[in-house]
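Hi everyone, thanks for coming.

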Amino acid sequence: IEAISHLTQGLKILQALPESAQRDQLELAFQTALSPVLMAARGWSAPEVGTAIERAQQLCSKYGTLEDQFFVMWGLWGWRVIRADMDICEGIAHDIMKLVETSTEGKELLPEAYWVVGCTAYYKGDFTNGLKLLEQGRALTDPEKERGYALKTGQHCSSMCSSHTGLALWQLGFPAQAQQRADESIRLAKEAGHPFSYAMSLFFGRQVLQFCGRDLDALDRIEEEYKICHEQGFLFFEVHAIFGRGDLLLREGNVVEARELFNQGLAMLSGAGANLSMDHPYRNIAEAYLLAGLPNDAQEWLDRGFDLVEKHHERGMESEFLRLKGKLALASGDEKGAEACYQSALEVARLQHARSWELRTMISFAELMQRQQRLSEGRLMLESVYNFFTEGFDTVDLLRAKALLRELESER
């Protein structure tokens, strides 16, 4: 907040100076410094972020170095990615990689470029390629250089690459490795003493914990996430923490308190245009309402999730949204509708090589088959997915799958 105040005041003074190349170059430095702190405080997609980036683009076209060009493009990508304009982001990411690969001086920027293309691939549902690219970025990161680059991106590349390799590893069926990477991300951000990277790593790290069923551990991270975001004014990730609190309250049966938090979070997001990563709270809240026996509320939040898939092509949880749609159908007694949704969810998961989502859907499908007395069919289908896993057998989905296999065998 203090940085925004100083930079904004400096820009006002610059506007009063006579036009010159020197004045414009100084303004470029101000605008590229202002963008990341606006992203942190107001959210990447806040309108004033776009204004700063657009002005930086104008100045960069006349006076910018290759590094200036890179970080202006990075800012444009960041502004678009948080809006979940994934197709546009894919084009910008391609241009960023081309810029650094075709110049000698751009090689030092490769880790930051790999983050951009890897993150884009991940959120489009290409977990395999996303993991590969993020691993490359993680391996190439230089701690000293990324400290300077963080002034222009607002984040530490190594921590973000680690957090998203953790997410990708979970999707691809490696929950133990995923938890290790998530913990690494938090450690790197904390060691760097960079509050915004630390807040983000807490959010992405708890996603992995919640995927693995470690809700009590996730609660500790939600509270730490809320504390740092509220103190520092990191609005977007404060909303995530508020939604996280509400989700856990709803699962404990506190519907009224949970609704108040959800409404608070939605009001804070209103007008900001932020969409990226919202699939996680949308999914969690939809499931929590479903478990609470409130299908209409569950449908409302599930619709928000499908909006991300259909309008923004953010496909990271497409399979899971389809599974929950099946659970909703089953709650109304529509077994055929539920089966169709599960089949669609499996198709998406297999296309994305998302073994963890495939397992979760297969558990729901096998439970339906158990209900229909299709015991052998359910056991064989579930077993074929379960046998892929080589780690994480203490996580919630694998424990449930193992127990269900025993049930299906004993009931034959």
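This is a predicted model: local features need pLDDT of at least 70, side-chain atom pairs count only at pLDDT 80 or more; totals for chains, interfaces and linings use all residues.

The protein has 21 helices and zero strands. Along its principal axes, the C-alpha trace spans about 85 × 45 × 35 Å. What about the radius of gyration? A compact globule of 412 residues would come out near 22 Å, and the protein has 23 Å, so the two agree. Buried residues make up 57% of the 412. If you take the contacts with a separation of 6 or more, 66% of them join residues 24 or more positions apart.

Now to the pockets. The largest pocket has a volume of about 580 Å³. Its lining has 25 residues, and those that lie nearest the centre are Arg283, Glu287, Arg323, Arg360 and Asp397. Which helix gives the most to this lining? That would be α15, with six residues. The helices that each supply at least two residues are α11, α13, α15, α17, α19 and α21. By residue type, the lining of the largest pocket divides into eleven charged, nine nonpolar and five polar.

The second largest pocket holds about 350 Å³ of space. Of the 15 residues that line this second pocket, Val37, Ala40, His194, Phe196 and Phe234 are the closest to its centre. Two or more lining residues come from each of α2, α8 and α11, and α2 gives the most, with five. And how does the lining of the second largest pocket divide by type? Twelve residues are nonpolar, three are polar and none is charged.

I'll pick out the second largest cavity, at about 90 Å³. Its lining includes Gln31, Thr32, Ser35 and Met39, along with Phe71, Trp74 and Lys152. The elements that give two or more residues here are α2, α3 and α4. Six of the lining residues of this cavity are nonpolar, four are polar and one is charged.

Is Ala41 buried or exposed? Its relative accessibility is 10%, and the cut-off for buried is under 20%, so Ala41 counts as buried. Leaving aside neighbours within four places in sequence, Ala41 is in contact with Ile1, Ile4, Gly233 and Leu235. Leu235 is 194 residues away in sequence, yet the two C-alpha atoms are 5.9 Å apart in space.

Last stop, helix α18, residues 335-351. At 1.5 Å a residue, its 17 residues should span 24 Å, and the end C-alpha atoms are 24 Å apart, so that agrees. The buried residues in α18 are Gly337, Ala338, Cys341, Tyr342, Ala345, Leu346, Val348 and Ala349. The buried residues of α18 pack against α17 and α19. Just after α18, His353 takes a positive phi of about 60°.

That's my tour, and I'm happy to take questions.

Note on methods:
Residues are numbered from 1 along each chain as its sequence is written. Side-chain values use heavy atoms; hydrogens and water are left out. Buried means under 20% relative accessible area, exposed over 50%, partly exposed in between (1.4 Å probe, protein chains only). Contact means heavy atoms within 4.5 Å. On a 1 Å grid over the protein atoms alone, a cavity is a set of points where a 1.4 Å probe fits but cannot get out, and a pocket is an open set with protein on both sides within 12 Å along at least five of seven lines; lining residues have an atom within 4 Å of a point. Grid points are joined across faces, edges and corners, and a volume is the space filled by probe spheres set on the points. Helices (H or I, at least four residues) and strands (E, at least two) are DSSP runs, numbered from the N terminus. Ala, Val, Leu, Ile, Met, Phe, Trp, Tyr, Cys and Pro count as nonpolar, Asp, Glu, Lys and Arg as charged, and the others, Gly among them, as polar. The expected span of a helix is 1.5 Å times one less than its number of residues. The radius of gyration is taken over C-alpha atoms; the globule rule is 2.2 Å times the number of residues to the power 0.38.
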